[in-house]
Amino acid sequence: MPFGNTHNNFKLNFKAEEEFPDLSKHNNHMAKILTKDLYAKMRDKQTPSGFTLDDCIQTGIDNPGHPFIMTVGCVAGDEESYDVFKDLFDPIISDRHGGYKPTDKHKTDLNFENLKVRYHRSPRRSASKISRGGDDLDPNYVLSSRVRTGRSIKGYTLPPHTSRGERRAIEKLSIEALTSLDGEFKGKYFPLKSMTDAEQDQLINDHFLFDKPVSPLLTCAGMARDWPDARGIWHNDQKSFLVWVNEEDHLRVIAMEKGGNMREVFRRFCVGLQKIEEIFKKHNTSFMWNEHIGYVLTCPSNLGTGLRGGVHVKLPKLSTHAKFEEILTRLRLQKRGTGGVDTASVGGVFDISNADRLGSSEVDQVQLVVDGVKLMVEMEKKLEKGEAIDSMIPSQK
């Protein structure tokens, strides 16, 4: 079990107010929602696999807040957590995902062909097609493109609650699925615990390697237990499609390449995901999904698509403009340094990605990134010429 006290049934010998955590100095979504009455109502409940309310909230208790972002403060231990503890999760999901209601239904669309085609009128031609939907982000500004998501395999508990045997079974099933891929997806699996020094050095050089979690948000949720047992990395021979096994989620799937062809990255992402799920279905399992919260993942912040479509883009002029933050908000985009959360921009290069996960589809979210980044690059070019961009600032998406 992940924690020392959360599965202790003797806690029920104490009154709810005696067991209720001190959240007086906390700033996360869980702390905003959890009251003594709500705790008393749910503290004796558990999912069929044995995950309790205290398991859900422990990471949010141990991590009062974050200096830059509002953290969620809770995790799910299995697919059933979102139902058994819905009185906690539903308002947290609403708070985190812009008012998403318990009756709302999520959209899923993994057809890359649905990215919108843009046309450009010119004097010589009646209409010249200049984009097939995201294939023409200016490579002089967009350095790389990437789309990632998580997936959970139905029938197993999630990483905060997974046992050693379960984790090894997930790895075994994942290896069988991934090593059976062919064509552009043919590749190799590298288990963390038996990786050679040469393999490790190469994966570090490729920026593929993930290490034991050091973030207290993950460690306090029990996600670093038994490390590195049954963890590993798979990538295709072209190093453009990557899968992490048994990190924060069962699978973390990533497609990427240099330059600004987001359409091609998204195509590879969609096709690869669908091929992997087809193989899982042959083993009588599939990915966790329901029509309300979409793809079920460990952290409520990733529910829905779990998708983060991002580009590394050079915006040295625009990023110093007084309305840069407002522009991002209106485009429903977010920024971070190229080293990830909490890192600063270097040389005016930012990692720009979609802010939304739940309530809109994969295609919708990638489209926002494509259209938004294209607009910001045009703004950057204007500013380079010393021209104003006020007329280009968009309305709220």
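Leaving aside its neighbours within four places in sequence, which residues is Phe266 in contact with? The legends below answer this and then tour other spots in the model.

A note before the views: this is a predicted model, in which local features need pLDDT of at least 70, side-chain atom pairs count only at pLDDT 80 or more, and totals for chains, interfaces and linings use all residues. Residues are numbered from 1 along each chain as its sequence is written, and side-chain values use heavy atoms, with hydrogens and water left out.

**View 1. Phe266 and the nonpolar cores.** Beyond its neighbours within four places in sequence, Phe266 is in contact with Phe112, Leu115, Val147, Leu307, Glu362, Val363 and Val366; contact means heavy atoms within 4.5 Å. The largest nonpolar core holds 56 residues, and Phe266, Val373 and Met376 touch the most other members. A second, separate core has 36 residues, including Ala16, Ile57, Leu158 and Leu218. A nonpolar core here is a set of buried Ala, Val, Leu, Ile, Met, Phe, Trp, Tyr and Cys residues joined through side-chain atoms within 4.5 Å. As for burial, buried means under 20% relative accessible area, exposed means over 50%, and partly exposed lies in between, using a 1.4 Å probe and protein chains only.

**View 2. The whole protein, for orientation.** The protein has 12 helices and 12 strands; these are DSSP runs numbered from the N terminus, with helices being H or I of at least four residues and strands E of at least two. The C-alpha atoms fill a box of roughly 80 × 45 × 40 Å along the principal axes. A compact globule of 397 residues would have a radius of gyration near 21 Å, and the 22 Å of this protein agrees with that. That radius is taken over C-alpha atoms, and the globule rule is 2.2 Å times the number of residues to the power 0.38. Of the 397 residues, 53% are buried. Among contacts between residues at least 6 apart in sequence, 72% join residues at least 24 apart. The protein exposes about 18300 Å², with carbon and sulfur atoms supplying 49% of it; accessible areas come from the Shrake-Rupley method with a 1.4 Å probe, and for residues only the protein chains shown count as cover.

**View 3. Helix α12 and Lys374.** Helix α12 runs over residues 362-384, and its 23 residues reach 33 Å from first C-alpha to last, close to the 33 Å expected at 1.5 Å a residue. The expected span is 1.5 Å times one less than the number of residues. Lys374 sits in this helix and is partly exposed, with a relative accessible area of 23%. Lys374 and Leu137 are 237 residues apart along the chain, yet their C-alpha atoms are separated by 6.2 Å. After α12 comes Gly386, with a positive phi near 80°.

View 4. A search of the whole structure finds 0 disulfides, a disulfide being a pair of cysteine sulfur atoms within 2.5 Å. Cys220 is in no disulfide either, as the nearest cysteine sulfur, that of Cys299, is 14 Å away. Both residues are tucked in: Cys74 is buried at 2% relative accessibility, and Cys220 is buried at 19%.

**View 5. The loop between α9 and β5.** This loop, between α9 (216-219) and β5 (232-236), is the place of Pro228, and the peptide bond from Trp227 to Pro228 is cis, with omega near 5°. Asp226 is found in the loop too. Asp226 has a positive phi of about 65° although it is not a glycine, and at 26% relative accessibility it is partly exposed.

View 6. Ser240 lies in the loop between β5 and β6 and is buried, with a relative accessible area of 10%. Beyond its neighbours within four places in sequence, Ser240 is in contact with Ile254, Ala255, Met256 and Arg268. Asn246 is in the loop between β6 (241-245) and β7 (251-258). Asn246 is buried at 4%, and its phi is near 65°, a positive value in a residue other than glycine.
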